[in-house]
Amino acid sequence: MTQKGSLKSAKNNKAEEPELEPLCCCEYIDRNGEKNHVAAFLCDCQDLDEGCERWITCKSVQPETCERIMETISDRLRIPWLRGAKKVNISIIPPLILLPVFLRVASWHFLLGVVVLTSLPVLALWYYYLTHRRKEQTLFFLSLGLFSLGYMYYVFLQEVVPKGHVGPTQLALLTCGLFLILLALYRAKKNPGYLRNPASEDTSLGSSQVECLTRKGQKTKGLPSADMSGILNNRSLRDDQKGSSRLLAGSPTKVKEDWCAQCQLVRPARAWHCRICGICVRRMDHHCVWINSCVGESNHQAFILALLIFLLTSVYGITLTLDTICRDRSVFIALFYCPGVYADYSSALSFTCVWYSAIITAGMAYIFLIQLLNISYNVTEREVQQALRRKTGRRLLCGLIVDTGQYNRGFLRNWHQFSTLGTAPSQHPAEDIV
């Protein structure tokens with residue numbers, strides 16, 4: 001009775017609380033739950049004041065202070081929008097500013113071009129390992145990829161097309177390829193095959209077990225009996241699902257790999273928990289930073305299609321640009337030797353963008369090649385990493401492929417299985433059940 005009374009009083013208190021006034025387009029609710037204004041971007045920031053004071057007095061700034069300053073800036077970086085200002089992810093801003101600046105500086109001289117085009121991949125790899133080590137999601141690479149596509153297309157329209165060597169049909173093909181890339185990326189960004197908690201779908205579970213699953217991770221303070229009962233129910237449900245997994249697998253040693261403690265569910269074969277997305281994915285291949293999402297059962301085909309269209313469109317755009325600024329030479333020779341290209345700033349900028357596109361295309365071509373080899377041997381990138389850690393599987397093609405032999409059914413059957421991913425669930429062979 002006391003618990004019901006407390007719940008009713010809590011509901012009454014919530015009902016009596018005055019509603020907040022509607023926000024204008026320049027107002028927002030900050031991370032402290034207070035109403036703030038876009039104009040107060042860096043005003044009244046104690047952490048920033050402390051950091052500036054220590055910097056002026058030549059004192060070291062604590063890493064915790066720097067993190068709080070970045071959190072405050074990230075929280076206050078917003079743009080006016082309907083019904084309140086919208087938060088802008090700070091990781092999408094550096095590519096929008098630095099990429100045009102770097103490419104234009106690189107087009108001033110050949111040596112500057114070498115330095116800038118060498119440092120850009122190094123900085124991108126450094127940032128990748130930094131975020132990958134912290135297991136953080138970032139929109140930096142997605143922003144870099146999309147803005148690179150848009151900026152390369154802009155330079156092509158502004159610097160290459162006016163020279164008169166690109167026809168309307170060629171421009172239409174390049175534009176169509178750009179739109180197809182965006183369409184494939186949009187499809188690849190969708191649900192990769194997230195696993196849901198069986199409590200929302202399994203109607204055969206008891207009411208106490210369903211309640212335990214839906215409230216997983218929540219503790220009732222001040223009610224130890226309810227807390228213990230929830231733990232016991234959760235443990236009994238876990239034991240039941242582990243038992244079913246043991247019956248399916250027929251191997252008690254595999255049960256530990258089937259159960260996901262974070263998602264509180266039993267994973268099917270080839271599923272894995274992504275520590276960056278924080279959820280299990282069916283037939284997880286890897287977490288791709290270029291789309292800021294996992295590549296799994298439902299979007300693997302779209303991911304391969306996006307890579308293929310990008311490679312074809314990029315090579316076609318590079319060919320059109322080199323044919324325009326170096327007309328007397330073949331494409332391959334013009335890429336490495338194009339005399340007089342730095343005499344004109346327009347040609348120098350186009351040539352710099354060609355080399356930038358070539359570097360990105362080479363990296364994506366390597367990823368595409370690895371993906372094709374993995375599909376041919378029916379192995380995911382996650383399974384390759386596991387095999388390398390456990391020192392199992394066969395290394396083929398100078399280490400480009402690691403054949404685990406667990407799911408390899410031959411070249412044609414492997415590609416047939418890949419072409420049917422994301423369709424209606426089919427009956428897997430007994431040896432595929434982990």
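## Arginine 270 and its partners

A polar contact is a pair of N or O atoms within 3.5 Å, where, within protein, one atom must be able to donate a hydrogen and the other to accept it. In this predicted model, such a contact, with a length of 2.8 Å, joins the side chains of arginine 270 and glutamate 383. Arginine 270 is found in the loop that runs between strand S6 (265-266) and strand S7 (272-274), and this arginine is buried, because its relative accessible area is 12%.

The charged end of arginine 270 also sits over the ring of tyrosine 407, at 4.0 Å from the centre of that ring. Another arginine takes part in an arrangement of this kind, for arginine 267 lies over the face of tryptophan 272, 5.1 Å from the ring centre.

## The chain as a whole

The chain has 15 helices and 12 strands, and of its 434 residues 36% are buried. Among the contacts in the chain with a separation of 6 or more, 61% are accounted for by residues 24 or more positions apart. The chain exposes about 26,500 Å², and carbon and sulfur atoms supply 61% of that area.

## Aromatic pairs

The structure holds 14 aromatic pairs. One of them is formed by tyrosine 127 and phenylalanine 140, whose rings are 4.7 Å apart from centre to centre, with 50° between the planes, an arrangement that is tilted. Tyrosine 127 lies in helix H5 (residues 110-134) and phenylalanine 140 in helix H6 (residues 140-160), so this pair ties together parts that are 13 residues apart in sequence. Tyrosine 127 is partly exposed, with a relative accessible area of 21%, whereas phenylalanine 140, at 16% relative accessibility, counts as buried.

The pair of phenylalanine 147 and tyrosine 151 is stacked, because the ring centres are 6.0 Å apart and the planes stand at 25°. Both of these residues lie in helix H6, where they are 4 residues apart, about one turn of the helix. Phenylalanine 147 is partly exposed, with a relative accessible area of 24%, while tyrosine 151 counts as buried at 7%. Ring pairs also link Tyr127, Tyr128, Tyr129, Phe140, Phe141 and Trp290 into a cluster.

## Cysteines

The count of disulfides comes to 1, and this bond is formed by cysteine 326 and cysteine 338, with their sulfur atoms 1.5 Å apart. The pair links distant parts of the chain, 12 residues apart, with cysteine 326 in the loop between helix H11 (300-325) and helix H12 (331-336), and cysteine 338 in the loop between H12 and H13. The torsion about the S-S bond is about -85°, so the disulfide is left-handed. Both partners are buried, cysteine 326 with a relative accessible area of 6% and cysteine 338 with one of 11%.

For cysteine 263, the closest cysteine sulfur is that of cysteine 280, and the distance of 3.6 Å is too far for a bond, because a disulfide needs sulfur atoms within 2.5 Å. Cysteine 263 is buried, with a relative accessible area of 11%, whereas cysteine 176 counts as partly exposed at 43% relative accessibility.

## Serine 357

Serine 357 has its place in helix H13 (residues 345-376) and is buried, with a relative accessible area of 15%. When its neighbours within four places in sequence are left aside, serine 357 is in contact with Met152, Ser314 and Ile318.

Key. Residues are numbered from 1 along each chain as its sequence is written. This is a predicted model: local features need pLDDT of at least 70, side-chain atom pairs count only at pLDDT 80 or more; totals for chains, interfaces and linings use all residues. Side-chain values use heavy atoms; hydrogens and water are left out. Rings of Phe, Tyr and Trp (its six-membered ring) pair if their centres lie within 6.5 Å; planes under 30 degrees apart count as stacked, over 60 as edge-to-face and the rest as tilted. Helices (H or I, at least four residues) and strands (E, at least two) are DSSP runs, numbered from the N terminus. Buried means under 20% relative accessible area, exposed over 50%, partly exposed in between (1.4 Å probe, protein chains only). A charge sits over a ring if NZ of Lys or CZ of Arg is within 6 Å of the ring centre and within 35 degrees of the ring normal. Contact means heavy atoms within 4.5 Å. Accessible areas come from the Shrake-Rupley method with a 1.4 Å probe; for residues, only the protein chains shown count as cover.
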